[in-house]
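Visitor: I would like to learn how to read this model, one feature at a time. Where do we begin?

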Amino acid sequence: MAKLALINKQKKREKLVAKYAKKYDAQKAKMSVNATPEERQEAMLKMAKLPRNANRTRLHNRCSITGRARGFSRMFGLCRQQLRTLASEGKLPGVRKSSW
């Protein structure tokens, strides 16, 4: 199980990303190919003033049960250990352990 502080930090980042998403998108749109260098510079300065944790790239996928960051499966939102245990117990519909 991941430390509770790391899980809480991730949730805090998710809230910040949701809060500042429109502002980030607006500044990104201003930095288009046909923008002048002055417009781009101004947009970059405005983006630099936004909080760092408000950027989508700072988010990390975590297991919904344990909070583990590594071995994450996007299809289920679980880490590999939880995916295996829940599949073995038959708690994931349509998933079963392979044998040949």
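Guide: Begin with the elements: helices (H or I, at least four residues) and strands (E, at least two) are DSSP runs, numbered from the N terminus. Here the chain follows the pattern α-α-β-β-α along the sequence, which comes to 3 helices and 2 strands. This is a predicted model, in which local features need pLDDT of at least 70 and side-chain atom pairs count only at pLDDT 80 or more, while totals for chains, interfaces and linings use all residues. Residues are numbered from 1 along each chain as its sequence is written, and side-chain values use heavy atoms, with hydrogens and water left out.

Visitor: What percentage of the residues of the chain count as buried?

Guide: Buried means under 20% relative accessible area, exposed over 50%, and partly exposed in between (1.4 Å probe, protein chains only). Of the 100 residues of the chain, 25% count as buried.

Visitor: At what angle do helix 1 and helix 2 pack?

Guide: Axes are lines fitted to C-alpha atoms, for helices over the stretch in contact, and angles run from 0 to 180 degrees between N-to-C directions. Helix 1 (residues 4-30) and helix 2 (residues 37-49) pack at about 160°, and their axes are 8 Å apart. That makes the two helices roughly antiparallel; the scale is under 35 degrees for roughly parallel, over 145 for roughly antiparallel, 65 to 115 for roughly perpendicular, and oblique for the rest.

Visitor: Which residues make the contact between helix 1 and helix 2?

Guide: Contact means heavy atoms within 4.5 Å. Helix 1 contributes Tyr24, Gln27, Lys28 and Lys30, and helix 2 contributes Ala43, Lys46 and Met47. By class, this contact has 3 nonpolar, 1 polar and 3 charged residues. In that scheme Ala, Val, Leu, Ile, Met, Phe, Trp, Tyr, Cys and Pro count as nonpolar, Asp, Glu, Lys and Arg as charged, and the others, Gly among them, as polar.

Visitor: Is lysine 28 buried or exposed?

Guide: Lysine 28, found in helix 1, is exposed, with a relative accessible area of 52%. Alanine 18 is also placed in helix 1 and counts as exposed at 59% relative accessibility. Between alanine 18 and asparagine 55, 37 residues apart in sequence, the C-alpha to C-alpha distance is 9.5 Å.

Visitor: Where does methionine 31 lie?

Guide: Methionine 31 lies in the loop between helix 1 and helix 2, and at 26% relative accessibility counts as partly exposed. Leaving aside neighbours within four places in sequence, methionine 31 is in contact with Arg40, Ala43, Met44 and Met47. Its C-alpha atom is separated by 9.1 Å from that of glutamate 42, 11 residues apart along the chain.

Visitor: Which residues does leucine 92 touch?

Guide: Not counting residues up to four places away in sequence, leucine 92 touches Phe76, Leu78, Leu83, Leu86 and Ala87. Leucine 92 lies in the segment after helix 3 (80-88) and is buried, with a relative accessible area of 13%.
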